[in-house]
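My notebook is open at a new page.

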Amino acid sequence: MAAKRQKRARKLQARPAALPCFAARRYFVLGIFMLAGTALVWRAVDQQILERDFLQSEGADRYLDRVTQPAHRGLIVDRRGEVLALSTPVDSVTANPCVLRPDTEHLKELAQALGMPVKALRKRLQKYAQRRFVYLKKRLPPGRADYVLKVADGYGIKGVHLERKDHRYYPAGEVFAHVLGFTNSADKGQEGLERAYDGELRGRSGLKLVLRDGRRRVVDDVENIRSPRDGRNLALSLDGRLQYIAYRELKAAVHRNRAVGGSVVLLDATTGEVLAMVNQPGYNPNGSRTNQGGRLRNRALTDIFEPGSTMKPFAVAAALEQGVVQPASLIDTSPGRLKVASLTVRDHHNLGRISLKTLLARSSNVGAAKLALSLDKAAYWELLDSLGFGKLPATRYPAESAGRLPYFRDWVKVDQATLAYGYGISASALQLASAYLVLANDGVRLPVTLLKRDRAPQGVRVMSERTAVDVRYMLEAVTAKEGTAPQARVQGCRVAGKTGTVKKLGRDGLYSDDRYRALFVGMAPLSNPRLVMAVVIDEPRGKYYYGGQVAAPVFSRVMSEALRLLNVPPDALSRPQMRLAQLGGIQ
């Protein structure tokens, strides 16, 4: 037995001893697996329960997308419903320069389809090589754009696409350009009424949820979040027929007199609506829109100038209102000049003792200055202020000018005298026409507008009816044979108006002796005025430069056709003509 115990002891001593840390390692590894399992279970619970909304949102972002639905920009129409501005869908050819490389085969054929030199196309692709999007050709007709895509597909050219957007188009081109303005490539108004009423014309874009595939292509519509609301249409007060006539005659007059520019404004005397407003030089809103020479400027609203002798009727009206003179009063203008402080006011001829009617017909500076100096300054200023001088016309047109009317407390005698014949005050063509609208409307001032009105607005009385009518009938003598504007007459109609010939200020602050502005403002028919028109010709450089020789003929031509188109009854027909007209009506 003892031998067996010894033998067993020797075997135990010979067996290698177990590592002392084996058990600890085993527990450590088991612990790691337990922690990993716990972490995986926790992460699964976290993602499936706690972060479910976030993960679903992240997933949706990869296949769901919100797409803007553009609203259709509203139409602009004239008072008769003729479309002046509309948005039409056009295609633009785009490319991905990462796919369409400058060394792509058959690039020459693609350039020919685009209508551009292959060198220009290759240069454009090289310039935007790091981008994924570039325009190759904008606003192509649908047929041409489809042809480009067909050529690209036919030659296996990759990376060429079409993009369809609305493009603003102006059917009348240059005729309405200054009033309408234009939009940019994003269909946002940049000039004119397009800019003034951009919010109303643009409407509100819509929004929808769509499903996209792995290439970001729209597969299906999921939900309509907000429907687009198209912009509202804008109905203008302008008459396309009258606008074209005014445009044609003004352009011809500017060309004939080699003038720098010009403006014509035609108003409806009964409603205050602008029936025509044109300027020269012009531009085509469908083409180049560079502002070279101020072509984009609506001069009738933005340009202000000294109105010259067209202010004399208001000096006469102020004198009648204050009781300084009566319609039959005479004014002594001898010896044809008047010394006012350091200024000498002169007439072309010594007219002697003249009536107020002759003062306007012969455009006497001395007579007008004498009248102005006899007026109460505050009352005179108040009349001019109530006529709208020095105030914005409030047409909402961008950059419209208020002009300048100095406050009466700042006047000295020279200012008061020169104001009567239109120096020291400035106004736009629209302001001048609006002031004459008061005389045509029996002393009531109507707010002017470029939008169509359903009915005449409530006016504000500026002067008595008798004063307005008296001055209006005095102005008829201006268009008589002995007046300054016989060329303003309209056959079959009595016309009242006033000429103006103004020296322009030079850069040195002095009046030029060879740069003028020629004006004529008038109304017809005299017995019941329907239309008021202002004509401004800037710097005529031809043989003539007086308002009666340059601006008055434009007035006559435009007014004649306007009265005919509007079916305004004539008020100066002779008896035989009236009988023939009556007989023609019976037949």
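I began with strand S18 (511-524) and strand S19 (residues 531-538): they run antiparallel and are joined by 8 bridges. Strands here are DSSP runs of E with at least two residues, and helices are runs of H or I with at least four, numbered from the N terminus. Two strands count as paired if DSSP finds at least two bridges between them. S18 and S19 make a hairpin, with 6 residues between them.

A note on the source: this is a predicted model, where local features need pLDDT of at least 70, side-chain atom pairs count only at pLDDT 80 or more, and totals for chains, interfaces and linings use all residues. Residues are numbered from 1 along each chain as its sequence is written, and side-chain values use heavy atoms, with hydrogens and water left out.

Next I looked at the other partner of S18. S17 pairs with S18 in the antiparallel sense, over 9 bridges. Thr 501 has Ala 518 in S18 as its bridge partner. The hairpin of S17 and S18 has 5 residues between the strands, and Gly 509 takes a positive phi near 85° there.

Is S18 buried or exposed? I found 10 of its 14 residues buried, so S18 is largely enclosed by the rest of the structure. (Buried is under 20% relative accessible area, exposed over 50%, partly exposed in between, with a 1.4 Å probe and protein chains only.)

Strand S9 (residues 261-268) pairs with S10 over 6 bridges. Val 264 stands opposite Val 278 in S10.

Last, I turned to the largest pocket. (A pocket is an open set of points on a 1 Å grid over the protein atoms alone, where a 1.4 Å probe fits, with protein on both sides within 12 Å along at least five of seven lines; lining residues have an atom within 4 Å of a point.) Its space is about 1100 Å³, a volume filled by probe spheres set on the points, which are joined across faces, edges and corners. The lining has 40 residues, and Thr 501 is among those nearest the centre, as are His 348 and Tyr 546. Which strand gives the most to the lining? S17 does, with 6 residues.
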